[in-house]
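Dear colleague,

I am passing on to you the structure we spoke about, and my notes on it follow below. Please read them with the model open beside you.

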Amino acid sequence: MEAQQELSGWRKWLEGMGDYVLFFTRFFRNIFTGGFEWSEFVRQCYEIGYRSMMLVGITSFIMGLVLILQLRPSLVDLGAESMLPKTLSVALVREIGPVITAIICAGKIASSIGAELGSMKVTEQIDAMEVSGANPVQYLVVTRILATSFMIPLLTVIGDAIGLFGGFLALNFTDSISFSLYFNKCIASLDFSDLLPAVAKTVLFGFAVGFVGCYKGYHSDKGTESVGIAANSAVVTASLWIFIIDAIAVQITSLLFYK
Amino acid sequence: MKETNQHNEAEKELSPQKKEVVIRAKGIKKSFGKKQVLKDISFDLKKGENIVVLGKSGQGKSVTIQCVVGMLQPDGGSLEVFGEDITTMDDDELKQLRIKIGFLFQGGALYDSMTVRDNLEFPLTRVLKLKDQKEINKKVEGVLDAVGLLDAIDKMPSDLSGGMRKRVGLARTLIVNPEIMLYDEPTTGLDPITSREISELINRLQRKYEISSVIITHDMECARITADRILVMDDGKYIAEGSYKELEKSDNEMVRSFFNVSA
């Protein structure tokens, strides 16, 4: 009996993985078939990007500010106070900015996509598109996944800049440093190998957020509570994928750039 | 008697449309897990005919029409729509077929982020690939006029009542000129007056657009108004078939129970 239960658990897991692969294939095939929904893509970019900017901006600002306040005592003890802008910019651009932005977007965007598509599934709107001969994957899925893959890197770059500004204000609580000197130090400490992998992985973070949100919403069960489950599950799964992608991206970046 | 037969033969020859079968289902079976919902479903739908499928909830009435439109794949039996076996069709063939079939969902299934106008434009621009805005506007206004909701053209679905949502849903389905309409409980959740209006609208549109329809319902008033033929479903099978008047006099207890409740 126990062995049977275990077998059915594995079967369910394998079926789930199969569904993910099929959904990815449908998404990928639909990118290249005609009739790309440009107006919906632009609308999604606005919804996903512009509407998340305030949240990402405030969070990044606080992160920059807090990091400087936390780093300062340790670096002062080491006599390396002048390293504060460099430390902050490297930490923010390489790791903290992309991950924090992606996690915020997982909470805000993946959940909203999951809930939106989930409620469309419950109210048979997706079925209605399908039986009318229209292509719901093209209209709902491709546009959302491409919009998150495009907007989350942009949000990250903006968030990084705002975070550095937060760090500048924090530094001026205790010390005095001019804006131009601070930003020159920040920019000088950053290299191509810091920027490119960081931006590249945010594209993958964006893809994960959009893909998981769409998958969970599109495959939600037919019942009101399944909308909540889809939204919740989208946030948890997308967040997990962000950390997994980050771990892999760091390994690849280390091999390629930091020998 | 002989004269009547001759008259019937002549009528059939004069109107071959009446003979043409648009949906032919033979021995359809469908299970979900261990539960067999459809056990042996067979029926023909002729061109221009309205079939009403009656049955208690959970008997698989909706599953039948979901199989017809390819949303569900039957486990057994054959299902031909316009003479082609739907069970062997690939995605593209299914897509082409679906353009000829309209499906009205229980709640209307309007796209709630779009206005009524956008809802109606959606199949025109995505399915029929129309580009000319004048032509699109003309079709949208024409079909909304047909369902009596031209005033609601710029409203959001959330601003509409249940009956209005069903009418707009019907308009969205009719805008691509389907040859077959599948109605999934078109009057459920509506007050008797609106239910009657919807039923009469179904008849009016059937005449106007020459549509063949399958209407899933347990509303006897709707069945009385719309049905040319009624199929009564129980335990995954059709247990009776006939016109409203014929079935009203049926000896079958299950069939009679529908009419008794109605009376």
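**Strand pairing in chain B**

E3(B) and strand E9 (residues 229-234) of chain B pair in the parallel sense over five bridges, where two strands count as paired if DSSP finds at least two bridges between them, and where helices (H or I, at least four residues) and strands (E, at least two) are DSSP runs numbered from the N terminus. Within this pairing, Leu54(B) stands opposite Val232(B) in E9(B). E3(B) also pairs in the parallel sense with strand E8 (residues 212-217) of chain B, again over five bridges, and there Ile51(B) is the residue that faces Val214(B) of E8(B).

Before going further, please note that this is a predicted model, in which local features need pLDDT of at least 70 and side-chain atom pairs count only at pLDDT 80 or more, while totals for chains, interfaces and linings use all residues. Residues are numbered from 1 along each chain as its sequence is written, and chains are lettered from A and ligands numbered from 1 in the order in which they are written.

Strand E3 (residues 50-55) of chain B is mostly covered, since six of its six residues are buried; a residue is called buried if 20 or more other C-beta atoms, placed from the backbone, lie within 10 Å of its own, exposed if 12 or fewer do, and partly exposed in between. Asn50(B), Val52(B) and Leu54(B) point one way from the strand, Ile51(B), Val53(B) and Gly55(B) point the other way, and all are buried.

**Two loop residues of chain B**

Lys129(B), in the loop between H4 and helix H5 (133-146) of chain B, has a phi near 55 degrees, a positive value in a residue other than glycine. Lys129(B) counts as exposed because it has 9 C-beta neighbours inside 10 Å. Glu210(B), in the loop between helix H7 (192-209) and E8 of chain B, likewise has a positive phi near 55 degrees without being glycine, and Glu210(B) is exposed because 12 other C-beta atoms lie within 10 Å.

**Chain A**

Chain A has eight helices and zero strands, and its C-alpha atoms fill a box of roughly 65 × 50 × 35 Å along the principal axes. Of the 259 residues in chain A, 43% are buried. An unreviewed UniProt entry annotates "transmembrane region" at residues 53-71, 91-115, 161-183, 195-218 and 238-258 of chain A, although such annotations may be inferred rather than shown by experiment. Among these, the span 53-71 of chain A is 100% helix, with its end C-alpha atoms 26 Å apart, and the span 91-115 of chain A is also 100% helix, with its end C-alpha atoms 34 Å apart.

The axes of helix H3 (residues 84-122) and helix H5 (residues 136-174) of chain A come within 7 Å and cross at roughly 145 degrees, the axes being lines fitted to C-alpha atoms over the stretch in contact, with angles from 0 to 180 degrees between N-to-C directions.

**Where the chains meet**

Here 14 residues of chain B are in contact with nine residues of chain A, contact meaning that the C-beta atoms, placed from the backbone, lie within 7 Å. Helix H3 (91-99) and helix H4 (116-126) of chain B each supply at least two residues of the side of chain B that touches chain A.

With kind regards

Key. Contact = placed C-beta atoms within 7 Å.
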